[in-house]
Amino acid sequence: MKGKVLKILKYMGFGFIGLIIIGIVFGKPMADEIIINEENITMDIHQSQQVALTVHPDDGLLSEDDFECSDTEIIKIEEIKDGKLILKSLEKEGLVTLQYKKDDVKSNSVTIQVVNQQALAMAKAKEKEEAEKKQAEEIKQQENAKKAEEQKKSDKKKKSEQAKKNAAQTASQHSSSQSNKSSSTSSSNQSHHTNSAMVYIPKTGKKYHSNANCSNMKNPSQVSLSEAQSRGFTACKKCY
(Lines give C-alpha, C1' and ligand atoms only; values in the text may rest on other atoms or scores of the structure.)
Protein backbone atom coordinates (compact mmCIF):
# COMPACT_ATOMS: atom_id res chain seq x y z
CA MET A 1 0.00 0.00 0.00
CA LYS A 2 2.77 2.34 0.92
CA GLY A 3 4.54 1.64 -2.38
CA LYS A 4 1.46 2.46 -4.36
CA VAL A 5 1.18 5.83 -2.61
CA LEU A 6 4.79 6.67 -3.37
CA LYS A 7 4.28 5.70 -6.98
CA ILE A 8 1.22 7.92 -7.27
CA LEU A 9 3.06 10.84 -5.68
CA LYS A 10 5.93 10.35 -8.14
CA TYR A 11 3.63 10.54 -11.16
CA MET A 12 1.90 13.55 -9.69
CA GLY A 13 5.28 15.28 -9.35
CA PHE A 14 6.16 14.67 -12.98
CA GLY A 15 2.75 15.93 -14.03
CA PHE A 16 3.13 19.05 -11.97
CA ILE A 17 6.49 19.83 -13.53
CA GLY A 18 5.00 19.28 -16.97
CA LEU A 19 2.18 21.66 -16.19
CA ILE A 20 4.69 24.27 -15.06
CA ILE A 21 6.65 23.92 -18.33
CA ILE A 22 3.47 24.14 -20.41
CA GLY A 23 2.47 27.23 -18.45
CA ILE A 24 5.83 28.87 -19.08
CA VAL A 25 5.74 28.16 -22.80
CA PHE A 26 2.14 28.81 -23.55
CA GLY A 27 1.56 31.30 -20.80
CA LYS A 28 3.51 34.07 -22.59
CA PRO A 29 1.53 36.22 -25.02
CA MET A 30 2.47 36.39 -28.69
CA ALA A 31 4.21 39.58 -29.84
CA ASP A 32 1.79 41.92 -31.57
CA GLU A 33 4.31 44.56 -32.63
CA ILE A 34 7.92 44.13 -33.77
CA ILE A 35 10.31 46.95 -34.66
CA ILE A 36 13.77 46.29 -36.07
CA ASN A 37 15.84 49.18 -34.69
CA GLU A 38 17.91 49.68 -37.82
CA GLU A 39 17.32 51.24 -41.22
CA ASN A 40 20.25 50.28 -43.40
CA ILE A 41 22.95 47.85 -42.35
CA THR A 42 26.32 47.31 -44.01
CA MET A 43 28.29 44.15 -43.21
CA ASP A 44 31.51 42.54 -44.30
CA ILE A 45 31.46 38.93 -45.46
CA HIS A 46 31.77 36.35 -42.61
CA GLN A 47 30.67 38.91 -40.03
CA SER A 48 28.27 38.58 -37.11
CA GLN A 49 25.93 41.46 -36.33
CA GLN A 50 23.50 42.06 -33.47
CA VAL A 51 20.34 43.92 -34.39
CA ALA A 52 18.26 45.37 -31.56
CA LEU A 53 14.54 44.61 -31.53
CA THR A 54 11.63 46.41 -29.89
CA VAL A 55 8.90 43.92 -28.96
CA HIS A 56 5.38 44.59 -27.63
CA PRO A 57 4.61 43.26 -25.17
CA ASP A 58 8.10 43.06 -23.74
CA ASP A 59 7.76 39.36 -22.99
CA GLY A 60 6.06 38.59 -26.31
CA LEU A 61 7.10 35.34 -27.92
CA LEU A 62 9.45 35.55 -30.94
CA SER A 63 11.02 32.96 -33.16
CA GLU A 64 13.91 33.47 -35.58
CA ASP A 65 11.97 31.33 -38.04
CA ASP A 66 9.41 34.15 -38.36
CA PHE A 67 12.03 36.55 -39.76
CA GLU A 68 12.20 36.47 -43.54
CA CYS A 69 15.43 37.17 -45.44
CA SER A 70 15.26 37.76 -49.19
CA ASP A 71 18.47 35.79 -49.85
CA THR A 72 19.62 33.16 -47.37
CA GLU A 73 22.85 32.64 -49.35
CA ILE A 74 23.94 36.11 -48.23
CA ILE A 75 22.55 36.42 -44.68
CA LYS A 76 21.82 33.72 -42.14
CA ILE A 77 19.57 34.35 -39.10
CA GLU A 78 21.23 32.48 -36.24
CA GLU A 79 19.18 33.20 -33.12
CA ILE A 80 17.36 35.70 -30.93
CA LYS A 81 19.22 36.49 -27.72
CA ASP A 82 18.53 39.14 -25.09
CA GLY A 83 16.12 41.00 -27.32
CA LYS A 84 18.58 41.07 -30.22
CA LEU A 85 18.55 39.31 -33.56
CA ILE A 86 21.90 37.68 -34.32
CA LEU A 87 22.79 37.77 -38.03
CA LYS A 88 25.68 36.12 -39.84
CA SER A 89 26.88 37.13 -43.30
CA LEU A 90 28.17 34.40 -45.58
CA GLU A 91 30.65 34.31 -48.49
CA LYS A 92 28.38 35.93 -51.06
CA GLU A 93 28.07 39.70 -51.52
CA GLY A 94 24.78 41.40 -52.23
CA LEU A 95 21.75 43.30 -51.03
CA VAL A 96 19.00 41.65 -48.97
CA THR A 97 15.89 42.72 -47.08
CA LEU A 98 14.95 41.51 -43.62
CA GLN A 99 11.44 41.57 -42.09
CA TYR A 100 9.43 39.87 -39.36
CA LYS A 101 6.19 38.23 -40.54
CA LYS A 102 3.89 36.19 -38.34
CA ASP A 103 0.20 35.98 -39.17
CA ASP A 104 -0.97 39.62 -39.30
CA VAL A 105 2.08 40.99 -37.48
CA LYS A 106 4.75 42.58 -39.66
CA SER A 107 7.81 44.58 -38.72
CA ASN A 108 9.52 47.29 -40.70
CA SER A 109 11.71 46.15 -43.56
CA VAL A 110 15.48 46.60 -43.23
CA THR A 111 18.03 46.64 -46.04
CA ILE A 112 21.33 44.84 -45.48
CA GLN A 113 24.29 45.37 -47.80
CA VAL A 114 27.03 42.73 -47.62
CA VAL A 115 30.36 43.80 -49.11
CA ASN A 116 33.75 42.11 -49.21
CA GLN A 117 35.65 44.91 -47.48
CA GLN A 118 39.07 43.48 -48.30
CA ALA A 119 38.26 43.26 -51.99
CA LEU A 120 36.71 46.73 -51.83
CA ALA A 121 39.84 48.13 -50.17
CA MET A 122 42.03 46.50 -52.81
CA ALA A 123 39.84 47.91 -55.58
CA LYS A 124 40.01 51.39 -54.05
CA ALA A 125 43.79 51.11 -53.66
CA LYS A 126 44.12 50.06 -57.30
CA GLU A 127 41.82 52.87 -58.40
CA LYS A 128 43.89 55.37 -56.38
CA GLU A 129 47.12 54.00 -57.86
CA GLU A 130 45.76 54.29 -61.39
CA ALA A 131 44.53 57.84 -60.69
CA GLU A 132 47.95 58.84 -59.33
CA LYS A 133 49.65 57.20 -62.32
CA LYS A 134 47.35 59.04 -64.71
CA GLN A 135 47.99 62.33 -62.91
CA ALA A 136 51.76 61.74 -63.08
CA GLU A 137 51.52 61.03 -66.83
CA GLU A 138 49.48 64.19 -67.36
CA ILE A 139 52.05 66.25 -65.42
CA LYS A 140 54.85 64.67 -67.47
CA GLN A 141 53.01 65.43 -70.72
CA GLN A 142 52.50 69.04 -69.61
CA GLU A 143 56.20 69.34 -68.73
CA ASN A 144 57.22 67.84 -72.08
CA ALA A 145 54.86 70.20 -73.90
CA LYS A 146 56.31 73.14 -71.98
CA LYS A 147 59.87 72.05 -72.80
CA ALA A 148 58.93 71.61 -76.45
CA GLU A 149 57.40 75.10 -76.54
CA GLU A 150 60.48 76.59 -74.88
CA GLN A 151 62.74 74.74 -77.32
CA LYS A 152 60.61 76.00 -80.21
CA LYS A 153 60.96 79.59 -78.98
CA SER A 154 64.71 79.12 -78.47
CA ASP A 155 65.14 77.68 -81.97
CA LYS A 156 63.08 80.53 -83.42
CA LYS A 157 65.22 83.08 -81.57
CA LYS A 158 68.44 81.43 -82.73
CA LYS A 159 67.14 81.31 -86.29
CA SER A 160 66.24 85.00 -86.13
CA GLU A 161 69.65 85.90 -84.70
CA GLN A 162 71.38 83.79 -87.35
CA ALA A 163 69.33 85.48 -90.09
CA LYS A 164 70.37 88.90 -88.75
CA LYS A 165 73.97 87.77 -88.57
CA ASN A 166 73.83 86.42 -92.12
CA ALA A 167 72.23 89.66 -93.31
CA ALA A 168 74.98 91.67 -91.59
CA GLN A 169 77.66 89.48 -93.13
CA THR A 170 76.06 89.82 -96.55
CA ALA A 171 75.88 93.59 -96.16
CA SER A 172 79.50 93.70 -94.99
CA GLN A 173 80.61 91.53 -97.88
CA HIS A 174 78.64 93.67 -100.31
CA SER A 175 80.18 96.83 -98.85
CA SER A 176 83.64 95.30 -99.00
CA SER A 177 83.02 94.19 -102.57
CA GLN A 178 81.83 97.67 -103.50
CA SER A 179 84.86 99.18 -101.77
CA ASN A 180 87.21 96.80 -103.53
CA LYS A 181 85.47 97.49 -106.80
CA SER A 182 85.74 101.23 -106.22
CA SER A 183 89.37 100.89 -105.20
CA SER A 184 90.05 98.74 -108.20
CA THR A 185 88.31 101.23 -110.46
CA SER A 186 90.24 104.09 -108.90
CA SER A 187 93.53 102.25 -109.28
CA SER A 188 92.62 101.34 -112.81
CA ASN A 189 91.69 104.91 -113.59
CA GLN A 190 94.86 106.15 -111.94
CA SER A 191 96.90 103.62 -113.85
CA HIS A 192 95.12 104.55 -117.03
CA HIS A 193 95.68 108.18 -116.27
CA THR A 194 99.33 107.52 -115.58
CA ASN A 195 99.73 105.55 -118.75
CA SER A 196 97.78 107.97 -120.95
CA ALA A 197 98.97 111.35 -119.52
CA MET A 198 101.56 113.24 -121.61
CA VAL A 199 104.36 115.38 -120.12
CA TYR A 200 107.24 117.46 -121.36
CA ILE A 201 110.84 116.66 -120.60
CA PRO A 202 113.76 118.97 -121.28
CA LYS A 203 116.89 118.02 -123.09
CA THR A 204 118.79 118.73 -119.89
CA GLY A 205 117.58 118.18 -116.31
CA LYS A 206 115.48 115.49 -114.59
CA LYS A 207 112.08 117.16 -114.16
CA TYR A 208 108.99 116.52 -116.28
CA HIS A 209 106.47 119.28 -116.82
CA SER A 210 102.80 119.61 -117.66
CA ASN A 211 103.47 122.94 -119.40
CA ALA A 212 105.87 123.10 -122.34
CA ASN A 213 106.86 126.69 -121.44
CA CYS A 214 107.69 125.99 -117.78
CA SER A 215 111.24 126.80 -116.68
CA ASN A 216 112.00 128.40 -120.10
CA MET A 217 112.39 125.01 -121.72
CA LYS A 218 113.47 125.09 -125.37
CA ASN A 219 112.15 122.48 -127.70
CA PRO A 220 111.10 119.98 -124.97
CA SER A 221 110.17 116.47 -125.94
CA GLN A 222 106.60 115.25 -125.29
CA VAL A 223 106.45 111.72 -123.85
CA SER A 224 104.02 109.73 -121.73
CA LEU A 225 104.14 110.19 -117.99
CA SER A 226 105.02 106.55 -117.50
CA GLU A 227 107.91 106.79 -119.90
CA ALA A 228 109.21 109.92 -118.17
CA GLN A 229 109.00 108.19 -114.79
CA SER A 230 110.69 105.09 -116.16
CA ARG A 231 113.56 107.27 -117.41
CA GLY A 232 114.07 108.69 -113.93
CA PHE A 233 112.23 112.03 -114.34
CA THR A 234 110.32 113.44 -111.39
CA ALA A 235 107.48 115.97 -111.29
CA CYS A 236 108.19 119.68 -111.45
CA LYS A 237 106.99 121.44 -108.30
CA LYS A 238 106.08 124.52 -110.23
CA CYS A 239 103.61 123.10 -112.72
CA TYR A 240 102.51 120.06 -110.70
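The legends below describe close-up views of a predicted model. In this predicted model, local features need pLDDT of at least 70 and side-chain atom pairs count only at pLDDT 80 or more, while totals for chains, interfaces and linings use all residues. Residues are numbered from 1 along each chain as its sequence is written, and side-chain values use heavy atoms, with hydrogens and water left out.

View 1. A nonpolar core is here a set of buried Ala, Val, Leu, Ile, Met, Phe, Trp, Tyr and Cys residues joined through side-chain atoms within 4.5 Å; buried means under 20% relative accessible area, exposed over 50%, and partly exposed in between, with a 1.4 Å probe and protein chains only. Strands (E, at least two residues) and helices (H or I, at least four) are DSSP runs numbered from the N terminus.

**View 2. The surroundings of Ile75.** With residues up to four places away in sequence not counted, Ile75 touches Met43, Cys69, Leu87, Lys88, Ser89, Val96, Ile112 and Val114, where contact means heavy atoms within 4.5 Å. Among these residues is Cys69, which counts as buried at 17% relative accessibility.

**View 3. His56 in strand E3.** His56 has its place in strand E3 and, at 44% relative accessibility, counts as partly exposed. Leaving aside neighbours within four places in sequence, His56 is in contact with Ala31, Asp32 and Glu33. The C-alpha atoms of His56 and Ile34 are 6.7 Å apart in space, although the two residues are 22 residues apart in sequence.

**View 4. The salt bridge between Lys101 and Glu68.** The structure holds four salt bridges, each defined as a side-chain nitrogen of Lys or Arg within 4 Å of a carboxyl oxygen of Asp or Glu. In the pair formed by Lys101 and Glu68, the closest N and O atoms are 3.6 Å apart; this pair links distant parts of the chain, with Lys101 in strand E7 and Glu68 in strand E4, 33 residues apart. Lys101 is partly exposed, with a relative accessible area of 32%, and Glu68 is partly exposed as well, with 41%.

**View 5. The network of Asp71, Glu73 and Lys92.** Lys92 forms a salt bridge with Asp71, the closest N and O atoms being 3.5 Å apart. Lys92 lies in the loop between E6 and E7 and Asp71 in the loop between E4 and E5, so this pair ties together parts that are 21 residues apart in sequence. Lys92, partly exposed with a relative accessible area of 36%, also forms a salt bridge with Glu73, again with closest N and O atoms 3.5 Å apart. Glu73 is in the loop between E4 and E5, 19 residues from Lys92.

**View 6. Cys239 and Cys236.** The sulfur of Cys239 has its closest cysteine sulfur in Cys236, at 3.9 Å, which is too far for a bond, given that a disulfide is a pair of cysteine sulfur atoms within 2.5 Å. By this rule the count comes to zero disulfides. Cys239 counts as partly exposed, at 22% relative accessibility.
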